[in-house]
Amino acid sequence: MTDKPRDTKGRRQLVKFSFYRMDHGWRALPENERERGRRAVADVVRAFSDRLQIRSYSLVGTRGDTDFLLWQIGDRLEDIQQLAGFINGTAMGPYLTMPYSYLAMTRPSLYVSREEARAERMQLHPGDSKYLFVYPFVKTREWYQLPLGERQSMMDEHIRIGRKYPSVKLNTTYSFGLDDQEFVVSFETDEPADFLDLVMELREAKTSLYTLRDTPIFSCVAMGLEDTLDSLAGTGERRNAPETEAAWQKVGEVSDSPPGSSRVVYYAGDQVAIFNVGGDFYAVSNRCPHANGLLAEGVIEAGFVICPSHGSRFDLASGRPLEGPAARPLRTYSVRVEQNGVLLGRPRAEPQPT
Ligand code: FES
């Protein structure tokens with residue numbers, strides 16, 4: 001039995017996981033040449049931020065055969081293809097290969113009946129978790145021959161187990177006919193131990209009998225793009241380098257952000273909340289480091305933002321958490337106003353927790 005998506009109003013998204021590997025020769029280059037390559041890739045990613053959500057992750061030290069991931073979400077295959085071509089054309093391009101590449105789309109789950117939950121599956125909203133675990137997934141053909149009711153009851157057990165681990169957010173995307181696997185699953189979390197326990201428990205679920213393949217598994221560490229590219233050679237020198245003009249990106253007009261307002265923009269793949277507090281602009285990661293609350297929807301008080309989810313209070317200038325359950329600081333960004341335009345610069349170094 002096939003199940004056509006019932007919600008045709010919600011737009012389905014294309015999702016691409018591009019795992020890049022860096023040639024060893026890259027590390028032998030002089031720092032200024034590596035810097036030129038990193039900046040070129042960052043500029044390309046920034047240029048696509050109006051068409052694609054792009055999140056970057058380092059795998060340096062977590063796998064031997066790939067170094068970083070660009071997770072891309074958008075509406076058009078052409079944008080995904082062009083991004084890859086433009087990256088290949090940078091000074092870093094000759095040193096890059098893509099040993100793993102997974103293409104997928106969003107769609108409602110066959111096993112979730114609540115209309116609201118089905119609609120939510122059409123659009124991915126990556127959070128700001130520290131880690132992402134990704135793997136391609138193929139079920140046995142026997143699975144698809146089982147009566148729907150039998151599959152549903154096994155999936156109910158699977159879903160029940162997943163709900164025991166609220167710190168792990170699952171994104172299921174579908175690759176049937178688009179790529180070699182049937183699904184690409186990605187799990188966002190701050191707690192790798194919870195993810196490990198979840199996967200172990202799922203092995204005992206009946207659905208596990210019908211898994212044909214669920215490897216390779218990628219353990220990815222979330223970083224801003226420039227930090228991700230820095231992690232390839234471990235220099236860290238550039239993080240303290242002065243801001244260059246190329247790093248600044250116009251993200252709107254001053255009139256888009258009247259005093260007291262907030263809005264969401266994208267910078268090199270990061271989702272950023274911009275606040276105008278009495279004419280002073282602040283830019284911070286839109287996702288609360290506690291549990292991904294949307295800070296652009298928070299309450300603003302002179303120089304502070306209060307997370308709408310559980311009330312953590314952050315200093316907008318430094319990103320420091322001052323009250324509430326959040327323990328980690330918010331990522332902050334340089335921001336400036338020029339000729340009535342609002343410009344964002346690179347993420348600042350994270351303040352140490354006090
Ligand atoms: S998500 Fe922000 S305080 Fe919990």
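In this predicted model, N340 turns up in the loop between β18 and β19. Its phi is near 65 degrees, which is a positive value in a residue other than glycine. Q339 is found in the loop between β18 (332-338) and β19 (341-347) too, and its phi is also positive, near 45 degrees, again in a residue other than glycine. For context, most residues other than glycine have a negative phi. As for accessibility, N340 has a relative value of 54%, so it counts as exposed, the cut-off being over 50%. Q339 comes out at 74%, so it counts as exposed as well.

Most peptide bonds, by contrast, are trans.

Next come the helices. Two packed helices are described by the angle between their axes and the distance between the axes. For helix α2 (residues 31-47) and helix α3 (residues 77-88), the axes come within 9 Å and cross at roughly 160 degrees. Angles over 145 degrees count as roughly antiparallel, and α2 and α3 are therefore roughly antiparallel to each other. The crossing of α2 past α3 is right-handed. A second pair is made up of helix α6 (residues 148-163) and helix α7 (residues 192-203), with axes that come within 10 Å and cross at roughly 155 degrees. Because of that angle, α6 is roughly antiparallel to α7. Here, too, the crossing is right-handed, with α6 passing α7.

Some residues that are separated along the chain can be checked for their spacing in the fold. E226 sits in helix α8, and its relative accessibility is 11%, so E226 counts as buried, the cut-off being under 20%. Along the chain, E226 and P347 are 121 residues apart, yet their C-alpha atoms are separated by 8.8 Å. W248 has its place in the loop between α8 (225-230) and β10 (249-253). At 16% relative accessibility, W248 falls under the same cut-off and so counts as buried. From W248 to Y267 there are 19 residues in sequence and 9.3 Å in space, C-alpha to C-alpha.

What about gaps inside the protein? Rolling a probe the size of a water molecule over the atoms shows where empty space is left. In this model, the count comes to two cavities of 30 Å³ or more. The largest cavity has a volume of about 70 Å³. Its lining consists of R55, S56, Y57, D128, S129, A222, M223, G224, D270 and R331. Strand β2 (residues 52-58) gives the most to this lining, with three residues. Sorted by class, the lining of the largest cavity has three nonpolar, three polar and four charged residues.

The second largest cavity has a volume of about 30 Å³. Around this cavity are R55, D128, D270, Q271, S285, R287 and R331. Its lining has no nonpolar residues, two polar ones and five charged ones.

Notes. Residues are numbered from 1 along each chain as its sequence is written. This is a predicted model: local features need pLDDT of at least 70, side-chain atom pairs count only at pLDDT 80 or more; totals for chains, interfaces and linings use all residues. Side-chain values use heavy atoms; hydrogens and water are left out. On a 1 Å grid over the protein atoms alone, a cavity is a set of points where a 1.4 Å probe fits but cannot get out, and a pocket is an open set with protein on both sides within 12 Å along at least five of seven lines; lining residues have an atom within 4 Å of a point. Grid points are joined across faces, edges and corners, and a volume is the space filled by probe spheres set on the points. Helices (H or I, at least four residues) and strands (E, at least two) are DSSP runs, numbered from the N terminus. Ala, Val, Leu, Ile, Met, Phe, Trp, Tyr, Cys and Pro count as nonpolar, Asp, Glu, Lys and Arg as charged, and the others, Gly among them, as polar. Buried means under 20% relative accessible area, exposed over 50%, partly exposed in between (1.4 Å probe, protein chains only). Axes are lines fitted to C-alpha atoms, for helices over the stretch in contact, and angles run from 0 to 180 degrees between N-to-C directions. Angles under 35 degrees count as roughly parallel, over 145 as roughly antiparallel, 65 to 115 as roughly perpendicular and the rest as oblique. A crossing is left-handed if the near helix is turned anticlockwise from the far one by less than a right angle, and right-handed if clockwise.
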